[in-house]
Structure formats: structure tokens, C-alpha cells
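This report describes selected backbone, packing and interface features of the structure shown below.

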Protein chains: 2
Amino acid sequence: VSKSPGEFHLIERLLKRLGPGRCATLGPGDDCAILPPAHARQLLTIDSMVEDVHFKLGWGTPEALGARALTVNLSDIAAMGGKPTVCVVNLSVRDGLGVRFFDRMYQGLASAAAHAEVEVVGGNVTHASALAITIALLGEVRGAALRRDAARPGDTIYVTGTLGDAAAGLRILSRQLRAPAAPRKFLVDRFLQPTARVQAGLRLARIKPAPAAIDLSDGLWQDLGHILKRSGAGAEIDAGALPLSAAYRAAVGDDPSLALGGGEDYELLFCLRHAAPAPALTRRLGVRVSRVGRITSSGAAVLLDDRGAVLLDARGSAPGGASPLTGWDQLRSRLVG
Amino acid sequence: VSKSPGEFHLIERLLKRLGPGRCATLGPGDDCAILPPAHARQLLTIDSMVEDVHFKLGWGTPEALGARALTVNLSDIAAMGGKPTVCVVNLSVRDGLGVRFFDRMYQGLASAAAHAEVEVVGGNVTHASALAITIALLGEVRGAALRRDAARPGDTIYVTGTLGDAAAGLRILSRQLRAPAAPRKFLVDRFLQPTARVQAGLRLARIKPAPAAIDLSDGLWQDLGHILKRSGAGAEIDAGALPLSAAYRAAVGDDPSLALGGGEDYELLFCLRHAAPAPALTRRLGVRVSRVGRITSSGAAVLLDDRGAVLLDARGSAPGGASPLTGWDQLRSRLVG
């Protein structure tokens, strides 16, 4: 759609940053990017970060913002076991942000792209009332893809990394949670500068049969639900097995609510037909792996305590409760309250 | 990034509309869409439509809005001589719009996609303060692509369709222009429901050498400037040759300002090494074609009247003027004033 002179100026400036392509035959500056033929199956995803919905400008640097906009897409490719290749960026700019801001944001995006061996092959700039960065990312998958619908009863459920850190970091940034300086920095960084588990996803894709997997953008409980729904299965999660960071414990304590319900960790959850010890998987994937539960044929997710007692049943029948669970607040109040 | 329950509900509802794919191995509902290998070179583009920047809800139907969001992307593929294949959609929803609205918008998008043989393979829904639809579209190009940098001195410049209709329609919608009912409807429809010249682009791509081309989203004068800049060339445009619709003449008169400077027509401008009569090209491309000028080695665009006198010089030296042109308003005031 049509552009103002200011938008053109910004586009020109940003295009210069991106430069000619390694992968793309023709990069930014024409109507479309031209890409070489793709000999493997391709992955395509799109995700968006909107100011005052997903972030506030005062929370971090423009560089971190640009990098994060790519990371949330990289995580989708990682969750399919793919290798990211090229992306296009749609930038919605609002009044009050200078060219220096966008230079820095693009610098962060460009660094993250270079690190992930992704090429930014084109983009678009438009005016809007809020800053938003939308990225569409292509990838390729050479073996079997890690699909949400591949979980089977008996599979063992694992997660990478630690859970709830980003949610705790978000609450610190939103002044809903206080923490000492060291855990504070760790948790806030986990929110502002998450890591997409691309290498772990690629290594998972070599396991046969191909594990079911999803990235944890909405929180374990919710994202596990997507796996269960698509696979037609249930799950048991061991509350005591959820991997909590030392910083999480320092800021939140032993309450696993944020680890279960908080989003934005961009870790991977995956399900293996043939269980393997977590330390062996940690070595194999190059990132900490924890065993957190198993897929069942029950059709629902239940959370168990150390003695196997049901803490929570996602069908809405928590012990002593009657009303259906409609959101995390209720879940949390039942679990903690 | 993480979602609210309402966003999930909307995603589920919209995903059901999209259904399983023809082209995609795995469509909406996983972390990414899985696409088959691409044997031809691919095109990739992204474009966005933002409420109160590019459209107002009261102007047209939700269906037309959904279709237009795809059309502006189709036009980029058309301008490269490509065949569009699959797209992903990022929808930013604001409060106050019901599910019925989004159902209708997606119906319009789905119809436009079916008409263009494009598959919607995935998407994302996020909250925002304004409605925005961002689409990333893939295409393929089997022969030479129509590039902006391929114009050479001596090339003849053509455009498809008529020019300035959408700009006049936008001014009617914005109550800056009045017109009788029949031309009003024609012009408003040209803005609200533009046609991407995909077939014409595919046919142009068979011409050798491959024509330089661009789609007219920002207005002929501006878009021609992109061709000239990338090709290192100049151009002469014959003011009297600009194709004006009867509706344009009825609403605007013979003033070609909107045809030169108004955007959103989504016609194609292309440059042929070997000139051909416009009627023959009209038959060949399946859409009206007009010859409007020629590429020169001068390094600038000039607008000529019927006697070859310079009406306007894009370097800023309009006859009798001295200050550089910085935007269409100045251009128009010089041309018309």
C-alpha cells in the first residue's frame, strides 16, 4: 500500500543496512525478494510483537527488541525441527520514534539473523498508532518434522531449559514482582532476550520416530494442551519435576504456577516414544533437558504431586472444586490457594 | 508470542475456515506450515493494511477488506512476473470487533485466495489498538523475473488499466471529492476492490528481454522513480497519453494529477526493449495497455505536454520554479496551479 515520503526515507535507510543477500538472488529493493529453489520441504510461520501488548519500550534496548522479534519466529521453526533460512519484516512505525531508534532495532535484528544464519530478504514499513514488528520466516526441514499431532500414550514428556523465568521477568518489569538484583537481571533477560532452541530442534528431528514438539510461548499447561488436542491424548505432569531456575526460586519461591502457566520462555516441549535419561538428552541436544511427565490415553492433562496425588485436572475437576477452569488465574488460585 | 483465551478462540474459529491444504503438507494448526519443495525460484513479499492509516471500517465491507489485504500482496508478485502460491496472515485485532466481522473478513480473504489459487497456510492473531492485516505471500517465477533495475534508455513505457481511479475513489470516501453516482461507484470500487494484474505479469514475463516492471501502489510518478533509480536511467512521460477512465474524467476532469501522483491502483508499469502497439499488447496481456512514455539516459523523469514542452522535471526544476520537489502536493500545485 502507498507510502509517505518519511516511510520511504526509513525504508531506504533500513534497506542499506540489510545489504545484498547470501541466499536470496535478489534481496530488498524490488517488489519481492527472489529466492533460489528449495530442494527440501519448507516451513513458513509469521508472528508479531506489538507495543504495549507484548512489550513496552522502556523495558529494554531497541537492539533487544529487534532480536526478540526474530527469536519468537525462530522458535516456531525450532519447534518443527527445521533450519530457518530467510525472513521478511513488516515494521509499523508510530510518531515519536526517531531514525536512531530504528537503526538500533534493525542492528539487533540483523545480529540475531546473522547468528541464526537467517537472511532478511525484504520488508515493508507502514505508519500505525503503535510500534509493531511482524516477521514472516521461512525454514527448511530435511527429515521428519516435529508435529503437534504425533504424541502417543506412553510417550515421555520433556522440556528444555527452565520454565517460568520469562513470566517472572515480565512480572518484574511490570512491577508485579520484586527480586534481588542478580535473579532480577537473569529473569528480566530471559524475558527480553529469549533464546530459540533451533539447534536442539534440529537434533530432536534426528530421533525416530519423530517426537511431537511445540515451543513454549503460551506456557507449558496451555502449549501441552495444543499437543494433546491435536494428538487426541492426555498427559500427567509431575509438579516436582518442573525445572525451576535458581533465580526463579529466589524471586518466586517453590510455587510452580508461573512455570506451568507463564509464557514466553521459548523452550521446547517434546514427547519421546523411547524414553531416555535426561542427562543423556541434555548432552545430545546441547541444552538442559528435564523429564516432566508422560502422555496418557485419558484425554486430559493432570498435574500430580510427589506422591502421585492429583493437584489439578484440566477437565475442570480439581480436587474439591466444581466449576470449570477457564484461565490461568483460576488454575493458579486452585493450585496455590 | 503469548495469547489470551479470546485470541485462541478467534484463531480456532479462523483456522476452521481455512481447512486442510492443497499445496501445504501441513496447514494451519501447528507451529509452522510445512510446504513441499519448490522447484522454481521463489518470490517472497510482505505488506500490511492498518486501520485509520490505509482504510476506515465504514468505507466498505469486511469481505472487501480481507480480499484487498491479499490483493496488495498479489500485486507485488504480479510485478515480478510470478505466480502466487501460499500465504500466512497476521491479524491484529482490537476491541469492539466481533467474531462475525472477522468471519466475513476471512471469507473475503478466502475467496480472493481461491480466485488467485493461493492457499492460506497459517497465521497468527494478536491484540492491538488498531485492526491490521499483514500478509506474507510466496510465489514462484519460472522464467526471468520482472525487475525494477532492468530498464534501459530507448525502452518504451506502458501501463495497464487506467490511472488515478483509486486515488479519486479514496478522495470520494474521504469527502474531499464529489462525483455523480455512477462514476462514484466505479472509482470507490477501484479503491476498495482493486485487481492485481497477476495474469498480465505472467504473460509479460514471457517477453524477451524480460521487461522492467513495478506495480503502481504509490502512484506512477513515484513508482516510475523506483525503476529509474534502480536502473540508473531517466524517462519522458507524455501527459496526454495517461489512460484516464470515463469515471475519472467525470469526477476529476482532465487534470492528470491524480493519475500521476495518486496511489493504490495496483496496475503494472513496464518497459519494453522492443516497442509494440498498445492494442496488440492489450490482446496479449488480457488487460488494457497504454503507451505512456520512454526511458531516457537523462537520469531524471520529465512530464511532457502534447507539443513536447516540459510540464514538470522531477529533479525539481519545473519551468519557472526553483525549489526542489518534496512531495506530490508541490508537484500538483505546480502542474495544476
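## Helix H10 of chain B

Helix H10 of chain B is followed by B:Gly286, whose phi is positive, near 75°. Helices (H or I, at least four residues) and strands (E, at least two) are DSSP runs numbered from the N terminus. The model is predicted, so local features need pLDDT of at least 70 and side-chain atom pairs count only at pLDDT 80 or more, while totals for chains, interfaces and linings use all residues. Residues are numbered from 1 along each chain as its sequence is written, chains are lettered from A and ligands numbered from 1 in the order in which they are written, and side-chain values use heavy atoms, with hydrogens and water left out.

H10(B) covers residues 278–285, and B:Ala278, B:Leu281 and B:Leu285 in this helix are buried; buried means under 20% relative accessible area, exposed over 50%, and partly exposed in between (1.4 Å probe, protein chains only). Seen down the axis of H10(B), its buried residues fall within an arc of 60°, so they line one face of the helix. The arc is that of the directions from the helix axis to the C-beta atoms. These buried residues pack against H6, strand S6 (156–160), strand S9 (268–272) and strand S10 (289–296) of chain B, where contact means heavy atoms within 4.5 Å.

B:Ala280 also belongs to helix H10 of chain B. With 29% relative accessibility, B:Ala280 counts as partly exposed. Between B:Ala280 and B:Val72 there are 208 residues in sequence and 27 Å in space, C-alpha to C-alpha.

## Backbone features in loops

| Residues | Feature | Angle |
|---|---|---|
| A:Lys208 and A:Pro209 | cis peptide bond | omega about -5° |
| B:Lys208 and B:Pro209 | cis peptide bond | omega near -10° |
| A:Asp52 | positive phi | phi about 70° |
| B:Arg175 | positive phi | phi about 60° |

A:Pro209 lies in the chain A loop between helix H6 (198–204) and strand S7 (212–215). B:Pro209 is in the chain B loop between helix H6 (198–204) and strand S7 (212–215).

A:Asp52 is placed in the loop between strand S2 (41–50) and helix H2 (62–79) of chain A, and it counts as exposed at 53% relative accessibility. B:Arg175 sits in the loop between helix H4 (165–173) and helix H5 (181–192) of chain B. B:Arg175 is exposed, with a relative accessible area of 77%.

## The sheet of chain A

In chain A, seven strands form an open sheet with mixed pairing, in the order S7-S9-S6-S10-S8-S11-S12. Its edge strands are S7 and strand S12 (310–313), each pairing on one side only. Two strands pair if DSSP finds at least two bridges between them. From one strand to the next, the twist averages 25°.

Strand S11 (residues 301–304) of chain A pairs with S12(A) in the antiparallel sense over three bridges. A:Val302 stands opposite A:Asp313 in S12(A). H2(A) packs on the sheet and touches S7 and strand S9 (268–272) of chain A; its direction makes about 175° with that of S7(A). Axes are lines fitted to C-alpha atoms, for helices over the stretch in contact, and angles run from 0 to 180 degrees between N-to-C directions.

## The interface between chains A and B

The contacts between the chains involve 68 residues of chain A and 70 residues of chain B. Chain A and chain B bury about 5,400 Å² between them, with 56% of it on carbon and sulfur atoms. Buried area is the accessible area (1.4 Å probe) that two parts lose on being put together, summed over both.

Four salt bridges are counted between chain A and chain B, a salt bridge being a side-chain nitrogen of Lys or Arg within 4 Å of a carboxyl oxygen of Asp or Glu. The side chains of A:Arg148 and B:Asp31 meet in a salt bridge at 3.0 Å, N to O.
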